[in-house]
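Here is a short briefing on one protein chain. Please look over the sequence and the structure first.

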Amino acid sequence: MTSMFEITDLQKIGVGLAGFGISFLFLGMLLLFDKGLLAIGNILFIVGLSCVIGVQRTLKFFFQRQKIKASLSFFGGISVVLFGWPLVGMLLEIYGFILLFSGFFPVAINFMRRVPILGTVLNLPGISGLLDLVVGDTRRTMDFN
């Protein structure tokens, strides 16, 4: 039986690269903003994203007219990290990342709420209230009928 959509080998590699990129970014921040690890993490994340959704769709995503401020902030943060100011660069990157991917957060959070063990943790009273603020109107994203 085949699945609804096939995942190519390039997309599998892209998921791995993006995962390593996020790991390097996390490790770079954990080790007091090590600029080498942050730079490698940024490069791996961007290349992984390009492999998963394709180069043309990646360029189209980052350079939409309504997302130009977010893209400039994100790529400006990467440049600042590469020039040797990792703390300022990561702040710019995080701001750009939030602006770029804020539309995806409700979908991702609602998906994670359905994962067996993680969903139990995310539905705890304090965490659930905080996530409801991030998600916004849960009826809009939770209703699949």
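Helices here are DSSP runs of H or I with at least four residues, numbered from the N terminus. The model is predicted. The protein chain has 9 helices and 0 strands.

**Whole chain**
- From the N terminus, the elements run α-α-α-α-α-α-α-α-α.
- The C-alpha trace spans about 50 × 40 × 35 Å along its principal axes.
- The protein chain holds 145 residues, and 30% of them are buried.
- Take the contacts with a separation of 6 or more: 49% of them join residues 24 or more positions apart.

**Surface and charge**
- The accessible surface is about 10,100 Å². Carbon and sulfur atoms supply 74% of that surface.
- There are 11 positive and 7 negative side chains. The centres of these two sets are 8 Å apart.

**Helix α2**
- Helix α2 covers residues 35-53, which is 19 residues.
- Just after α2 comes Gly54, with a positive phi of about 95°.

**Gly41, within α2**
- Gly41 lies in helix α2. Its relative accessible area is 0%, under the 20% cut-off, so Gly41 counts as buried.
- Beyond its neighbours within four places in sequence, Gly41 is in contact with Gly21, Phe24 and Leu25.
- Leu99 is 58 residues from Gly41 along the chain, and their C-alpha atoms are separated by 19 Å.

**Lys67, between α3 and α4**
- Lys67 sits in the loop between α3 and α4.
- What is the nearest side chain of opposite charge to Lys67? That side chain is Glu93, 16 Å away.
- A salt bridge needs a side-chain nitrogen within 4 Å of a carboxyl oxygen. Lys67 has no salt bridge, yet is buried.
- Setting aside neighbours within four places in sequence, Lys67 is in contact with Phe61, Phe62 and Leu100.

Note on methods. Residues numbered from 1 in each chain as written. Predicted model: local features only at pLDDT ≥ 70, side-chain atom pairs only at ≥ 80, totals over all residues. Heavy atoms only, no water. Helix = DSSP H or I, 4+ residues; strand = E, 2+ residues; numbered from the N terminus. Expected span 1.5 Å × (residues − 1). Buried < 20%, exposed > 50% of the residue type's maximum accessible area, 1.4 Å probe, protein only. Lys, Arg positive; Asp, Glu negative; His and termini not counted. Contact = heavy atoms within 4.5 Å. Areas by Shrake-Rupley, 256 points an atom, 1.4 Å probe, with all protein chains shown as cover. Charge placed at Lys NZ, Arg CZ, Asp CG, Glu CD.
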